[in-house]
Amino acid sequence: MEMHVDNFLRRLYIVMLFVVCLFTTAVLLYRNGSYYVLPETERPYHQKYEQLKPSGIESHAFGIFGSVLIISGVALYSTRKRIRRFSDVGRIKNFLEVHIFLCLFGPTLILFHTTFKFGGPGWRELLEHVGGGVERYRGTISVRSNPERNHRQ
Ligand code: HEM
């Protein structure tokens, strides 16, 4: 029974993390969407141009906050995984899920910082890592639920 409650709470917590991410994205698109859809040449005439250009107060804040989330996501997971002193702090699985959340939400905010001028350096590597990360995360789950595949670990 306690196990079911634990599982339920864990799932609830993961869903909550993703709801936060989706909700923030939806609010930002709703608030600033009219700016992002404009061609670059017309953006300077938008009433929110000064705050929404990448160096403007709002978009710059998205960039800084997004970077902080990514750095925290990597640092937390790596520290838990690699530093022996922290090896009994919580479960590594939970740290990985927080890593995935922070490192998805962070780049999302950075997209808002770039005002969707997508395609600069770094994006390709990030997408490759995310693709590989999803595969690997799914692999970890299926190995755990199918003991016969444990020889792969
Ligand atoms: C800005 C985005 C991201 C950055 C910079 C990043 C960076 C990293 C780094 C440096 C590691 C190695 C940690 C270590 O072994 O010490 C790692 C591991 C990993 N990441 Fe990410 N990550 C990002 C996003 C994601 C996303 C979105 C996913 C999943 C969809 C993901 C899934 C994973 C997985 C499965 C591992 C391997 C876990 C392991 O084998 O221990 N990452 N990431």
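The shell around the ligand has 12 nonpolar, 5 polar and 3 charged residues by class. In all, 20 residues surround the ligand. The model is predicted, and the protein chain has an average pLDDT of 87. Its secondary structure consists of 5 helices and 0 strands.

**Ligand surroundings**
- Ser78, Ile100, Cys103, Gly133 and Arg136 are the closest of the residues that surround the ligand.
- Three helices each contribute at least two residues to the shell around the ligand: α3 (57-82), α4 (92-113) and α5 (123-145).
- Domain 1 (54-117) and domain 2 (119-153) each provide at least three residues of the shell around the ligand.

**Fold of the protein chain**
- Read from the N terminus, the order of elements in the protein chain is α-α-α-α-α.
- The protein chain has 153 residues, of which 10% are buried.
- Among contacts in the protein chain with a separation of 6 or more, 59% join residues 24 or more positions apart.

**Confidence**
- A pLDDT of at least 70 is reached by 86% of the residues in the protein chain.
- Confidence in the protein chain is highest in α3, with a mean of 97, and lowest in α5, with a mean of 74.
- Both of these helices, α3 and α5, supply at least two residues of the shell around the ligand, so the ligand shell draws on the elements with the highest and the lowest confidence in the protein chain.

Note on methods: Residues numbered from 1 in each chain as written. Predicted model: local features only at pLDDT ≥ 70, side-chain atom pairs only at ≥ 80, totals over all residues. Near = placed C-beta within 6 Å. Helix = DSSP H or I, 4+ residues; strand = E, 2+ residues; numbered from the N terminus. Nonpolar A, V, L, I, M, F, W, Y, C, P; charged D, E, K, R; others polar. Domains from an automatic or database assignment. pLDDT = per-residue confidence, 0-100. Buried ≥ 20, exposed ≤ 12 C-beta atoms within 10 Å, placed from the backbone. Contact = placed C-beta atoms within 7 Å.
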